[in-house]
Amino acid sequence: MKSAAALSLSLMSTSSLASAENAKLRFLAVGDWGGQDEYPYYTEQQRETADGMAYVAGASRDIPAASFVLALGDNFYFEGVKEGGNDEQRFEATFENVYYHDELQVPWYIIGGNHDYCGNIESQIEFSKRPNTRWTFPDYNHRVVKQIIDSGGPSNSDGSNEKLKTIKLEIIMIDTVQIAGHRCHGPGYESLSKTGYFKPLTLLDVNLDVSSPTLKWIEDSLSNSDADYLFVAGHFPVYSACSHGNTEYLVQNLDPMLKKYGVTAYLSGHEHCQFHFSNEGMDYILTGTGHDCCYAADNKEHLPRHGELKYILADSHDYSGDSGARGGFASFEVYSDGMKVKIHKEDGSVLYEAQLHPRADHFKVGSSMKVSLEGA
């Protein structure tokens with residue numbers, strides 16, 4: 001496995017940043033976007049969402065164009081890419097021909113979802129080896145690192161700038177299927193129900209020979225991060241208000257790490273809804289409506305009672321349509337003194353906006369050593 005990193009911030013339900021500067025970097029995130037396994041291999045909702053993503057990704061006077069896209073799993077419905085099958089056709093029809101817009105010709109950083117594991121997920125990793133491809137899936141777990149030079153103010157007369165600084169964004173892309181397991185239901189699975197498709201994963205679904213080294217890799221990556229902004233992105237949610245509910249193995253084994261190392265935002269998909277949940281200083285952003293919407297919010301009562309569900313987009317019943325949304329995605333803007341996260345409907349309109357703050361210095365690698373030496 002390749003090494004990785006994460007991101008850390010405090011989110012607040014406010015749209016104002018401390019300064020009026022322009023964003024330094026922008027990116028999008030979309031989950032559960034993988035079309036369908038019958039011709040034409042995409043859904044109309046997916047295409048509408050792709051159009052909305054392109055609209056939001058474009059540059060304007062105040063903000064730069066989006067630099068990359070995070071794809072949060074379930075890349076090919078319903079049973080992944082089949083070995084020896086029509087993988088080339090699926091890749092073109094579900095990905096290339098849907099996200100064809102100029103604004104989306106940027107790197108796409110990919111992780112696998114449970115549906116991808118019902119096919120040949122290695123084929124998706126092989127897609128990354130194509131020449132000049134934006135599909136970036138180098139390993140099951142991998143890291144994204146972006147550094148932005150911030151002038152911090154006007155230059156001196158000699159052209160120098162004493163306020164010049166580097167802002168570092170790290171995103172650890174993790175394979176939550178390796179951690180928590182999965183099930184493949186096939187085309188004849190039971191109807192959407194708690195005893196069928198939505199039956200929660202249990203310890204019996206976990207392969208500890210795979211899960212344990214993956215969790216160790218994540219902790220090593222977190223403990224070595226010096227990022228100003230640190231995200232962890234996986235397919236399965238830690239906590240969820242929607243139909244699948246919480247992923248208990250992640251609650252027990254991943255969530256404590258996120259808090260220990262100052263990760264303030266965990267990104268996920270899996271649930272075909274969108275929400276922002278905050279609990280014990282951690283924030284959880286879920287966006288899983290890349291190809292349709294929406295599941296019901298029928299697991300709100302199982303969220304930690306001391307947490308706060310700040311926003312949710314969901315139907316009253318699975319796919320009842322009364323949310324008024326057909327799809328959606330999220331976008332992020334990085335500033336020198338904070339970040340914005342926005343949840344969008346399929347047409348790009350903003351449904352919700354929150355603010356994220358830079359990671360506290362004491363969480364960054366090396367800061368504790370510096371403090372102890374200065375105090376000696």
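What does the accessible surface of the protein chain come to, and what share of it belongs to carbon and sulfur atoms? The accessible surface, calculated by the Shrake-Rupley method with a 1.4 Å probe, comes to about 15500 Å², and 49% of it belongs to carbon and sulfur atoms. This is a predicted model, in which local features need pLDDT of at least 70 and side-chain atom pairs count only at pLDDT 80 or more, while totals for chains, interfaces and linings use all residues. Residues are numbered from 1 along each chain as its sequence is written, and side-chain values use heavy atoms, with hydrogens and water left out.

Of the 376 residues in the protein chain, 55% are buried, that is, under 20% relative accessible area (1.4 Å probe, protein chains only). The chain has eight helices and 15 strands, taken as DSSP runs (helices H or I, at least four residues; strands E, at least two) and numbered from the N terminus.

Seven strands form an open sheet of mixed pairing in the order β6-β7-β8-β9-β11-β10-β12; two strands pair if DSSP finds at least two bridges between them. Because β6 (142-150) and β12 (308-313) stand at the edges with a single partner strand each, one side of each is left without a neighbour in the sheet. On average, neighbouring strands of this sheet are turned by 15° against each other, direction ignored.

Within the sheet, β10 (residues 274-279) pairs with β11 (residues 282-287) in the antiparallel sense over six bridges. Phe 277 stands opposite Tyr 284 in β11.

Helix α5 (residues 208-223) lies across β6, β7 (165-173) and β8 (229-233), running at about 170° to β7. Such angles run from 0 to 180 degrees between N-to-C directions, with axes fitted as lines to C-alpha atoms, for helices over the stretch in contact (heavy atoms within 4.5 Å).

Methods:
Buried means under 20% relative accessible area, exposed over 50%, partly exposed in between (1.4 Å probe, protein chains only).
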